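Subject: Structure for you to look over

Dear colleague,

My notes come after it.

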Amino acid sequence: MNAVIYICSSCDAQSSKWAGRCLECGAWGTLAEQTSDGKKKSDAKRIPASQTVPFAEIDHVKTPRIKTGMDEVDQVLGGGIVPGSFILLGGEPGIGKSTILAEIALKLENVLYCSGEESGEQIKLRLDRIIGAKGRIPPTLRYVGETVCEKVCATIQEKKPALAIVDSIQTIASNDVDSEAGSIGQVRACTVKLLQTAKECTVPIIITGHVTKEGAVAGPKTLEHLVDTVLYLEGDSNHYFRLLKTAKNRFGSTNEVGVFEMTESGLKEVNNPSAAFITDTMDNVPGTCTTVVMEGTRAFLVNVQALASKTYFGYPQRRAVGFDANRLQLLIAVLSKRLGLNLGDQDIHINVVGGLKISEPAADAAVTSCIISAYKGKLCDPKTIFLGEVGLSGEVRTPPGMDKRLREAEKLGFTTAYIPKQTKKILSSLKLIEMKSLRDLEI
Ligand code: TYD
Ligand code: MG
């Protein structure tokens, strides 16, 4: 007997009865009927066992890589694109996913660019913008405007391009699934079909997926386990810098980060990211200091700014751009309690320069230092960096990668570093000021 179940096309929840509204996610009109045919489970005894192979006898093959011609992208991918691999590029709308893919497409031969959201003319405009007046679009770069997943797969199978780009997974739909394009069921079904195509004809495929405001990739979050590599393009769309990060990579490390700058003519690699995020024009304003944050294996110098102003009405405001607001509350509480700073009647604003988002506790010492500096109206030395994670009793702890951070600061001409108390001696040409707690800060 065939059992009938109802599956929600937006969250994939199953239910035995039809309802106008999904009980799991609350979406209206998304439950669709599906029949699970009641075939008897195959008899395990009659199935022959599979062959096993000792690992020692499996030859080591060095996977060849297709170089994209953009060093930062190659590095993030672990040395280039592996043939037959399936890559998901996620990011907020407008962050530059299509731009970075267009640049890769221009650098390679025989690329198939499939788009369900933009016309050939629109993409051509973008290509022209990137390549400039003198450039030439490779004659082997082809466009297919298609939204039916099966047709996209058939085209890839027939044309066998060196790389296929599908922009975006939310705009294509499979005939086998009833729900509309962009629903979880569709996104998953299309990904599985494209994945099979990639593996069958060893054509690498890059798909893009939009991340919603809440941070979940609309669909693609549920795809992470299916694909070989997950890349995220991040950044503040009001700023120029973009970071390309790996959340998963079957063919390389997830510690690599690529840094790009959005320019008039596409995304350009930033060769010296450390210098990009610091400015030297703010020497005479209290409330600015510098720290070194790590993104994967790379260290960047970053300016953090604070503003403390008297509260005139209601509760004091605590606002942060590029820094976690809860962490800021905690650090202010530590400063009030442990250093006796009277911040109860001060509005405090924190800003991380360059649109970078700091999620590392290593920046705590810098954030507290610039709050102290802003509150007291005293300058922080512009050639000093502040490193350390601050605890509730005001103690300062050592973040990982100290050597790398200090070396980066040395390279950019810094002279002094406030660091947590060390048990081992650190070799550095910087003047190191060790601090046990925030009380040791001399601002
Ligand atoms: P886009 O790559 O279309 O974003 P996504 O595919 O992630 O939605 O473009 C992002 C933004 O970048 C767009 O608002 C225009 C801007 N842009 C530039 O500033 N310079 C350029 O050379 C290009 C191509 C786009
Ligand atoms: Mg796009």
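What follows is an account of what was found, going from the whole chain to single residues.

Please bear in mind throughout that this is a predicted model. The chain has 443 residues, of which 47% are buried, and its secondary structure comprises 9 helices and 21 strands. The C-alpha trace spans about 75 × 60 × 55 Å along its principal axes. Among contacts with a separation of 6 or more, 65% are between residues 24 or more positions apart. The chain exposes about 22,900 Å², and carbon and sulfur atoms supply 52% of that area. As for charge, there are 53 positive and 51 negative charges, and their mean positions are 4 Å apart.

The buried residues of α2 include the charged residues Lys97 and Glu103, together with Ile100, Leu101, Ile104 and Leu106, among others. In the loop between α2 and β5 (111–115) sits asparagine 110, whose phi is near 60 degrees, a positive value in a residue other than glycine. With a relative accessibility of 32%, asparagine 110 counts as partly exposed.

Salt bridges come next. Side chains of opposite charge can pair when their charged atoms come close, and a search of the whole structure finds 17 salt bridges. One of them joins the side chains of glutamate 118 and arginine 126, with 2.7 Å from N to O, and both of these residues are buried.

In one, aspartate 176 pairs with lysine 193, their closest N and O atoms being 2.5 Å apart. Aspartate 176 counts as exposed, at 60% relative accessibility, and, with Lys193 and Glu150, Asp176 is linked in a network of salt bridges.

In the other, aspartate 228 forms a salt bridge with lysine 199, and here the closest N and O atoms are 2.7 Å apart. How exposed or buried are the two partners? Aspartate 228 counts as buried, at 3% relative accessibility, while lysine 199 is partly exposed, with a relative accessible area of 41%.

The peptide bond from aspartate 167 to serine 168 is cis, with omega near 0 degrees, and serine 168 lies in the loop between β7 and α5. Lysine 160, in the loop between α4 (149–159) and β7, has a positive phi of about 40 degrees although it is not a glycine, and it counts as partly exposed at 48% relative accessibility.

On the surface, Val53, Phe55 and Ile58 form a nonpolar patch, with about 360 Å² of accessible area together. Phenylalanine 55 is placed in the loop between β3 (31–36) and α1 (71–77), and with a relative accessible area of 74% it is exposed.

Two residues later in the chain complete these notes. Leucine 341, in the loop between α7 (325–338) and β16 (346–352), counts as buried at 11% relative accessibility. Not counting residues up to four places away in sequence, leucine 341 touches Leu335, Ser336, Ile372, Tyr375 and Lys376; lysine 376 is 35 residues away from leucine 341 in sequence and 9.4 Å away in space, C-alpha to C-alpha.

Glutamate 434 is found in strand β21 (residues 431–435) and is partly exposed, with a relative accessible area of 34%. Leaving aside neighbours within four places in sequence, glutamate 434 is in contact with Ile419, Pro420, Lys421 and Gln422. The C-alpha atoms of glutamate 434 and isoleucine 419 are separated by 5.0 Å, although the two residues are 15 residues apart along the chain.

Technical notes:
Residues numbered from 1 in each chain as written. Chains lettered and ligands numbered in written order. Predicted model: local features only at pLDDT ≥ 70, side-chain atom pairs only at ≥ 80, totals over all residues. Heavy atoms only, no water. Patch = residues over 30% accessible without salt bridge, like charges linked within 9 Å, V, L, I, M, F, W, Y side chains within 5 Å. Areas by Shrake-Rupley, 256 points an atom, 1.4 Å probe, with all protein chains shown as cover. Salt bridge = Lys/Arg side-chain N within 4 Å of Asp/Glu carboxyl O. Helix = DSSP H or I, 4+ residues; strand = E, 2+ residues; numbered from the N terminus. Buried < 20%, exposed > 50% of the residue type's maximum accessible area, 1.4 Å probe, protein only. Contact = heavy atoms within 4.5 Å. Charge placed at Lys NZ, Arg CZ, Asp CG, Glu CD.
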